[in-house]
Amino acid sequence: FSLPKYPLKRFYKETGLEFNIISQEEENKYTVEGVTRNVNRKVAVFVGGGGSTEIAIYDNGIKEMCNTKIGVMDIMEKYPDLGENLATTDVKTIREWVKNKLKVPKQKADILILAGGGHMKFAKNSGITFEKNTLFEDKQEPIMMDINTRKLDTERYYTEISLDKIRKEVKDPEWWYATRAMCAMVLEVADSLDAKYIIPTDISMVYGLAKK
């Protein structure tokens, strides 16, 4: 298999459609814009992936943004037990490992919104606690939890909640492999920003593009 010499030109010739490849920075920007389309207060937005993490401060526009070339798969490579039925490595150890490598904004925010990686799906299927989002209204961001509740539930997710049981009940069992790594990363980011509330979403950059 080989790519054509000018793939974008060929795509346009055969479909009549434009095809643009955007940068990681643009993807993060569009995701933040999608997440904050109904927000009129200062928030932080976390976009985590397998090999990168982006954190932005939004206050009527993006005020600060930090990108780190580290993601949940880097954690899993070092601590593979997080993908087993119950973890043997504790949350504190993972957070300390993340803290030394993660770039975070200098500004603080009371609200941390999680985007770009099925965070609402995780909240609704993992057995952790959540409540109705009373901070702002958005049909794609309907739930939230306070930081102390999230910390307690993350400890439970490491030591008490069976990952094997979840995998048997969902349609995408492989997706759950790195969820404990993501949970620890979320807590470290939240504490670094002094966040009091966490809002999980499944919003991706598509929502930002639609807004545009």
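Analyst: Happy to! This is a predicted model, and its accessible surface comes to about 11600 Å². Carbon and sulfur atoms hold 51% of that surface.

User: What share of the 212 residues is buried, and what makes a residue count as buried?

Analyst: A residue is called buried if its relative accessible area is under 20%. In this protein, 46% of the 212 residues are buried.

User: How many helices and strands are there?

Analyst: The protein has nine helices and seven strands. The seven strands form an open sheet with mixed pairing, in the order 3-2-1-4-7-6-5.

User: Why is one side of strand 3 and of strand 5 left without a neighbour in the sheet?

Analyst: Strand 3 (62-68) and strand 5 (131-132) stand at the edges and have a single partner strand each, so one side of each has no neighbour in the sheet.

User: How do you know that strand 1 and strand 4 pair?

Analyst: Pairing takes at least two bridges. Strand 1 (residues 43-48) and strand 4 (residues 111-115) are joined by four bridges, therefore they count as a pair. These two strands run parallel. For Val47, the bridge partner in strand 4 is Ala115.

User: Which strands does helix 6 touch?

Analyst: Helix 6 (residues 147-159) packs on the sheet and touches strand 4, strand 6 (143-146) and strand 7 (197-200). The direction of helix 6 makes about 85 degrees with that of strand 6.

User: Where does helix 8 lie?

Analyst: Helix 8 (residues 179-192) lies across strand 1, strand 2 (53-58), strand 4 and strand 7. Helix 8 runs at about 155 degrees to strand 1.

Terms used. Residues are numbered from 1 along each chain as its sequence is written. This is a predicted model: local features need pLDDT of at least 70, side-chain atom pairs count only at pLDDT 80 or more; totals for chains, interfaces and linings use all residues. Side-chain values use heavy atoms; hydrogens and water are left out. Contact means heavy atoms within 4.5 Å. Axes are lines fitted to C-alpha atoms, for helices over the stretch in contact, and angles run from 0 to 180 degrees between N-to-C directions. Buried means under 20% relative accessible area, exposed over 50%, partly exposed in between (1.4 Å probe, protein chains only). Accessible areas come from the Shrake-Rupley method with a 1.4 Å probe; for residues, only the protein chains shown count as cover.
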